[in-house]
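Hi,

Here is the structure I promised to pass on. Have a look at it first, and my notes follow below.

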Amino acid sequence: MTSEDQLVATGGRDNLTRRSFLRGSLGAAGGAAALAAAMSPLRHMDTEDFTVEKFLQKHYKEMSPSDMEAVLERIRGEVEKRYAIRPELRDIKANDGVEFAYALHLGRCIGCRRCVHACVAENNTSRSPEIQYIRVLEMPKGSIDLEQGRHDYDRPKVPDPDHYYMPIQCHQCANPPCVKVCPVEATWQEQDGLVVIDYDWCIGCRYCEAACPYWARRFNFAEPQVPRENINPNMAYLSNRPRKQGVMEKCHFCIQRTREGRMPACLEVCPVGARKFGNILDPESEVSQILNNKHVFVLKEEVGTLPRFFYYFDEDYPRSESLVSLPVISGGGHA
Amino acid sequence: MKMYLRFLWRCFRLSFVGDWRYYAWMLLLSVIVLLGLNAYAKQLVYGLVTTGMTDQVSWGLYIANFTYLVGMAAAAVMVVIPVYIYGRRELHDLVIFGELFAVVAIIMCLLFVQVDLGRPDRFMHMLWRFNFPVSMLTWDVIALGGYLLLNLHICGYLIYCAYRGVHPSRRFYIPFVFIAIAWAISIHTVTAFLFVGLGGRPFWNAAIIAPRFLASAFAAGPAFIILTLQVIRRYAGYHVGDDALKLLRNIVTIALTVNMFLLICELFTEFYADSAHIVSIKYLFFGLHGHYGLVPWIWTATVLNSIALFILYLPFRRSLRFMNIACVCMIVGIWIEKGMGLVVPAFIPSPLGELVEYQPTLNETLVCLGIWAFGLLLYTIFVRISVPVLTGRVTADDASESHSVPR
């Protein structure tokens, strides 16, 4: 009799003999041991990141001021423990009457990548694996096709006379595809136009990274490493506080600076003044002046994301003193 | 209720009983599942750096398998439609095998999504802040969850009725069958929209993706069912007529033809216009600037699909052996087409024109194999349970009989 016949004959209850009992328990014990062995790498897991408190933490927009204060205090403690420094961490809200925009002078940029490194230092981004929010492309003159650009140019001296340089970072789009696709609303657009991420809410699906046409988002594929001595203690909840493995991050126009009236780190470090930043709701601001008077364009306008990051060319050519009349085309007329 | 619990208990017991081939097969699958689990545990500890994914190619094998399996799940309707819409009653029981297959495929889909997450512990955030209806991923969660419940209900109900020896009441399952048919189309369409909706990725941002998804799924899915039905017929002692296989073969032939036609449409549109939008597809088929990572894959897929199509249109398709070769060819061919051929190339080059190739790691591959083995394990158990129940060898009556025997 095969065991199946037995089973059928007894209606699913095979006779519980000592032998079958032993066999069953041996099987179960062996199975459990194999299971435990398979899951053994979990003993290296950093369990501090899985507390009940964190599990129950609310979404940024649902936290009351006291909830937020408790979370901030917890994060201060974590930073202090890991980096031996007490951070000045706060949640800075957007200011009324402010909408930020960035303008970058392509004629001036020399491709020195100082902005890239200033950003890393300011925003506590991982040194290993390396995460950088700004990517500078070395473009051949006469082309705006990004595929012609070089990402890994390495010259003893910049700029190279045959190239121009195009830094790209998050464009803080007014119609952001990354926000649209996020299944859990872990990323959203703030009142001042900045697209932010709640690192404690992100589930790490990387759909936003696939959606971004500017390749602005970066994922923490491993636990980010920042040397203790390099930590910037000036932190905000939605910007440069230390991130964890498995979540998304990106440029946020230095919320910890700009919402308190300072300039972004990438702008401050620029040796040639190619970077301009400010409030476009203020008509007197430098960015407003640039948007009104310069030859401004946005990258990939055809994807309809309405970036708040603008590129512009030199001076206000053609000048008014060089006006010429339009040629007359014979036989034709304007319909 | 007590009877139902007893039914579940007996199903559980049944899944541990079989001949040596059954034990060997289950042991093999269990070992692979454990290897996969081990790899996933490593990934949980060290992060997704254990995969071949990067910021440039941010989705890889996991999402590729997910996409493929959504199609497999949707394809179960191809067994259901002939029975309920065209009244091929003799195939009725096969519906259960088709839908069990759908259940398993959906469970595997959910596992593939879960392993792809950087923070799987936060999966519950979906419930608290659900970005519906804006995010297509939330649509997919609803579509997959709903489809899983529908199919669980239909198979569970039919099998339980067979167990009790009562005739299933049409009211309790026929409406669900029709909903499930429409729902099946929707799960794969929504999954296609997940990719299609991204304006920044020209390779995906094309209307042809959704129809192609359906066509290729309706080829690969029934092809897989053709093979499993033969395994069931041979090893589980359940009678499956050749008629059923022939019907499925016809479905597969049509679906594969449509898929190949749509491929030609796609290739023509891209390559004849020869605009800047074709870099990704150029990379896929011919390589770009000395990078040829996907070229062997896509040509393997194209050749396999062509062989399958060729076999299906020739007289010797009537031979089961050739039909099986065609089925295997297209299961593999379409897997490559959907995975390495659809998910990965959209990331290459990156939106900033950077060429970074994707190479799955061993760890990532083990996780994938683990999930596949788990799916097969589950399907084997489902078949193991449903065959004796459907053939009336295990019924409620003999349970109550044995119940009267004192322990």
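Let me start with the rule I used for salt bridges: a side-chain nitrogen of Lys or Arg has to lie within 4 Å of a carboxyl oxygen of Asp or Glu. Please keep in mind that this is a predicted model.

**Salt bridges inside the chains**

Over all chains, that rule gives a count of 33 salt bridges. One of them pairs B:Arg212 with B:Glu266, and their closest N and O atoms are 2.6 Å apart. B:Arg212 sits in helix α9 (residues 209–235) of chain B and B:Glu266 in helix α10 (residues 242–273) of chain B, so this pair ties together parts that are 54 residues apart in sequence. Is the pair buried or exposed? B:Arg212 is buried, with a relative accessible area of 13%, and B:Glu266 is buried too, at 10%.

Bridges with shared partners link A:Lys54, A:Arg74, A:Glu78, A:Asp198, A:Asp200 and A:Arg241 into one network.

Two other pairs in chain A:

- A:Asp67 bridges to A:Lys58, with 3.1 Å between the closest N and O atoms. A:Asp67 counts as partly exposed at 26% relative accessibility, and A:Lys58 as partly exposed at 40%.
- A:Asp152 and A:Arg150 meet through their side chains in a salt bridge of 3.2 Å, N to O. Here A:Asp152 counts as exposed, at 55% relative accessibility, while A:Arg150 is partly exposed at 42%.

**The interface of chain A and chain B**

Next, the contact between the chains. Chain A puts 64 residues into it and chain B 62 residues. Together the two chains bury about 5,700 Å², with 57% of that on carbon and sulfur atoms.

How many salt bridges cross this interface? The rule finds four between chain A and chain B. One of the salt bridges in the model joins B:Glu354 to A:Arg135, where the closest N and O atoms are 3.0 Å apart. As for polar contacts, 28 residue pairs across the interface of chain A and chain B qualify, both residues being at pLDDT 80 or more.

Which elements of chain A give two or more residues to the side that touches chain B? They are α1 (3–9), α2 (18–38), β3 (135–140), α6 (177–181), α7 (207–211) and β7 (218–219) of chain A. By residue class, that side of chain A divides into 37 nonpolar, 10 polar and 17 charged.

Helix α3 (residues 61–75) of chain B has 15 residues and reaches 21 Å from its first C-alpha to its last, close to the 21 Å expected at 1.5 Å a residue. α3(B) is mostly covered, as 15 of its 15 residues are buried.

B:Thr191 lies in helix α8 (residues 170–196) of chain B. With 0% relative accessibility, B:Thr191 counts as buried. What does B:Thr191 touch once its neighbours within four places in sequence are left aside? The contacts of B:Thr191 are B:Phe66, B:Thr67, B:Val70, B:Asp140 and B:Phe213.

- A cis peptide bond, with omega about -5°, joins A:Ser128 and A:Pro129. A:Pro129 lies in the loop between α5 (114–123) and β3 of chain A.
- A:Val158 and A:Pro159 are also joined by a cis peptide bond, with omega about -5°. The loop holding A:Pro159 runs between β3 and β4 (163–168) of chain A.

Then come the residues with positive phi.

- A:Arg113 is not a glycine, yet its phi is positive at about 65°. A:Arg113 is found in the loop between β2 (100–105) and α5 of chain A, and at 23% relative accessibility it counts as partly exposed.
- A:Asn124 has a phi near 50°, again a positive value in a residue other than glycine. A:Asn124 is placed in the loop between α5 and β3 of chain A and is buried, with a relative accessible area of 3%.

Cheers

Methods. Residues are numbered from 1 along each chain as its sequence is written. Chains are lettered from A and ligands numbered from 1 in the order in which they are written. This is a predicted model: local features need pLDDT of at least 70, side-chain atom pairs count only at pLDDT 80 or more; totals for chains, interfaces and linings use all residues. Side-chain values use heavy atoms; hydrogens and water are left out. Helices (H or I, at least four residues) and strands (E, at least two) are DSSP runs, numbered from the N terminus. The expected span of a helix is 1.5 Å times one less than its number of residues. Buried means under 20% relative accessible area, exposed over 50%, partly exposed in between (1.4 Å probe, protein chains only). Contact means heavy atoms within 4.5 Å. Buried area is the accessible area (1.4 Å probe) that two parts lose on being put together, summed over both. A polar contact is a pair of N or O atoms within 3.5 Å; within protein, one must be able to donate a hydrogen and the other to accept it, and residues adjacent in sequence count only if both atoms are side-chain atoms. Ala, Val, Leu, Ile, Met, Phe, Trp, Tyr, Cys and Pro count as nonpolar, Asp, Glu, Lys and Arg as charged, and the others, Gly among them, as polar.
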